[in-house]
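Open the model in your viewer and keep the selection tool at hand. We will go from stop to stop, and at each one you select a few residues and look.

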Amino acid sequence: MTYRGESVPVGTWGHWRLMEAACRAKFAQNAEAASALVGTGDRPLVHRMRHDSRTIPGVVMADVWMRIRGGLRPKAAKVPAESGE
């Protein structure tokens, strides 16, 4: 496929990075979708399809969403609590 004049072979690392960029844009533009993603907490995400994609496997998509989710969480949730020592 071609994106912004650059050829991006489907199913390659470049294709996966482009998909991640598209997902990041989606969650940045859609507060409801971002809230739903963050609402999954720390649970592992799984992307299941009837037939797994050869171009972007479900495990790759799930990993993309979990990385995005980590960046969407409030800063306070990312900082480990101090111990009372």
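**Stop 1: helix α1**

The buried residues of α1 pack against α2 and α3; contact here means heavy atoms within 4.5 Å. Helices (H or I, at least four residues) are DSSP runs, numbered from the N terminus. This is a predicted model, where local features need pLDDT of at least 70 and side-chain atom pairs count only at pLDDT 80 or more, while totals for chains, interfaces and linings use all residues. Residues are numbered from 1 along each chain as its sequence is written, and side-chain values use heavy atoms, leaving out hydrogens and water.

Select residues 13-29, which make up α1. This helix has 17 residues and reaches 24 Å from first C-alpha to last, close to the 24 Å expected at 1.5 Å a residue (1.5 Å times one less than the number of residues).

Now pick His15, Glu20, Cys23 and Phe27, which are buried (under 20% relative accessible area; exposed is over 50%, partly exposed in between; 1.4 Å probe, protein chains only). Look down the axis of α1: its buried residues fall within an arc of 140 degrees, so they line one face. The arc is that of the directions from the helix axis to the C-beta atoms. Turn to the face away from the buried side and find the exposed residues Arg17, Ala28 and Gln29.

Next, select Lys26 and Phe27. The charged end of Lys26 sits over the ring of Phe27, 5.7 Å from its centre (NZ of Lys or CZ of Arg within 6 Å of the ring centre and within 35 degrees of the ring normal).

**Stop 2: salt bridges**

Side chains of opposite charge can pair when their charged atoms come close. A salt bridge is a side-chain nitrogen of Lys or Arg within 4 Å of a carboxyl oxygen of Asp or Glu. How many salt bridges does this rule give? The count is four.

Select Arg24 and Glu20, joined by a salt bridge of 2.8 Å, N to O. They are four residues apart in α1, about one helical turn. Arg24 is partly exposed at 38%, whereas Glu20 is buried at 14%.

Move to Arg67 and Asp63, whose closest N and O atoms are 2.1 Å apart in a salt bridge. Both lie in helix α3, four residues apart. Salt bridges that share partners join Glu20, Arg24, Asp63 and Arg67 into one network.

Finish with Asp42 and Arg73, a salt bridge at 2.9 Å. This pair links distant parts of the chain, 31 residues apart.

Methods. Helix = DSSP H or I, 4+ residues; strand = E, 2+ residues; numbered from the N terminus.
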